[in-house]
Amino acid sequence: MQYQTDQLLISGIKNGDNKALELLYKSHFKPINFLVLNNNGTEDEAKDIYQEAVILFYEKIRDNSFELTCSIATYLYAICKRLWLRKLSAKSKYVADLYENEKYEEVELNTQTENEIQFQQMNTALLGLGEPCKTIIEDYYIHNLSMNAIADKFGYTNADNAKNQKYKCLQRLKKLFFASQQNQKVSIFE
Amino acid sequence: MNDKGLTFELIEKYFEGTATPEEIELYNYRFKNETIFAQDVADYQKLRNGFDVFKDRLELKSKLNQFHAEMPKDIISQTPQTKIIPWYQNWTPIMAAASLAFVIGTFAFIGMKSNQTKSHYQALKLDLEKVKKSQSKLWQVVSEEEEEKTEEMLSGGTGFAINNNMILTDYHVIKDANKIFAENDKFGSIKTKLIYSNEKLDFAILAIEDSSNEGFGNIPFKFETNQAPLGQKVYTLGYPQKSIVYGEGYVSSANGYEDDTLAYQIGIWVNPGNSGGALFNEQGNVIGVITAKNTENEGAVYALKSKEIIEAINKSEVKIKLSNKSKTNNNYKLSKIENAKQFVFRIKTSR
């Protein structure tokens, strides 16, 4: 029964059904919240860990990159546990209990997707950009504002001036973006 | 635009579907015959893909946050972990003064130590002298009265009310000051005195000096001591200029300058004068106080975490009763900002 619902949820998410995502999100939080709260975590940390796992799951489903070999609940729990252990050891509040009953060994737990890397790369590049470049770039490439709207917003006399500015900003972003790509690669090889 | 700019424009037009047939022909020709052009195209596609991933991720994150908010409260709070902020009935000025000397003495050493490493760290105090010079051309009409006022001013920053008669700001804003005024549209100019300062964490608390002043009344926000999640949307209200300025951003790192765990790193655009400004979350509560920005990295601003402020206040001997206003039912953000604005002050100091 559980298995069938899982399959329905997964195909719903694959097809971009928001309701399926909502159901997935709302039905699996409880045990994970319990896990984090009982292991030195806060509600906010539980939420963070859980969302990270859901995003990972979502992205893997969306690009057909894996086959689920257990229930969604088991999978999400295993991912969250792994993420939380990592966070705890980073906080050096390491808890040995969590390693007991390691029954999710066979679940594939690669937690860094290509999307995650790209997201971090873009985030770092945008943060390094400074203003007004950051807003101009975000307005155009992320919020899809027109050049005219951007010119108005920033007080440029015409769209061409704004375009010129946007070009310069993008050149800077490009450098930052590809520089952080280099860094990412280095850190993966290390 | 130079050649490179024109090349870029051609590529962008091609991918956005606004290229003319001639341009498409030119594009195809150059793509086949120029390796550098083909490389530019590849880079452009990678960047656009990066934007798409970034955008999708933000949208997904906000969807999830919405789902989270809709979940029943008993699922989110299985074991109550609420922190109780002590609610002291009174504080006495004498006790405050006595402990103040102690507190300043203690932190002077710690402060010195930590300052050595802060090379790209810029506190956001507004140096009024400097601003006056650099903007003198912009302010062509300055009345004589105002001219006199600015001359004796030392520095400026932002502060916000934390209870009926106290205002919190950054330590570096009021450091070395003899007279400290807090002013805004609603309450006018209020003379305040320093009752608590913490140089290490860089915050200070001021109290209304005039005992006949009725105070600020109910404050529509409180401190949020839970760690703010990465990516949480935040906004600030501050006085980098004479009128109040609203700014929006997000929590970009759980830790501040050189992994300082006392502060958040915020992706937001602020200016000198924003120092001491409250950082509000989407619920309109205060998750931190803006202290500094990274001089190397325009987008990185640091904010002292609310949790650290509360802990420091609790440890201190000064009894400070904090605003514990429960959430207002009003969910409309705009009016929340207008509401909060009335309890944010421009801090002006003089020697």
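Visitor: Is the crossing of α1(B) and α3(B) left-handed or right-handed?

Guide: This is a predicted model, in which local features need pLDDT of at least 70, side-chain atom pairs count only at pLDDT 80 or more, and totals for chains, interfaces and linings use all residues. Residues are numbered from 1 along each chain as its sequence is written, and chains are lettered from A and ligands numbered from 1 in the order in which they are written. Helices (DSSP runs of H or I, at least four residues) are numbered from the N terminus, and a crossing is left-handed if the near helix is turned anticlockwise from the far one by less than a right angle, and right-handed if clockwise. For α1(B) and α3(B), the crossing is right-handed.

Visitor: At roughly what angle do the axes of α1(B) and α3(B) cross?

Guide: Axes are lines fitted to C-alpha atoms, for helices over the stretch in contact, and angles run from 0 to 180 degrees between N-to-C directions. The axes of α1(B) and α3(B) come within 10 Å of each other, and they cross at roughly 55°.

Visitor: Which residues of α3(B) does α1(B) meet?

Guide: Two residues are in contact if their C-beta atoms, placed from the backbone, lie within 7 Å. From α1(B) come T7(B), I11(B) and F15(B), and on α3(B) they meet F37(B), D40(B), V41(B), Y44(B) and R48(B).

Visitor: Which element gives the largest share of the side of chain B that touches chain A?

Guide: The contact joins 37 residues from chain A to 35 residues from chain B. Two or more residues on the chain B side come from each of α1, α3 and α4 of chain B, and the largest share, 14 residues, belongs to α3(B).
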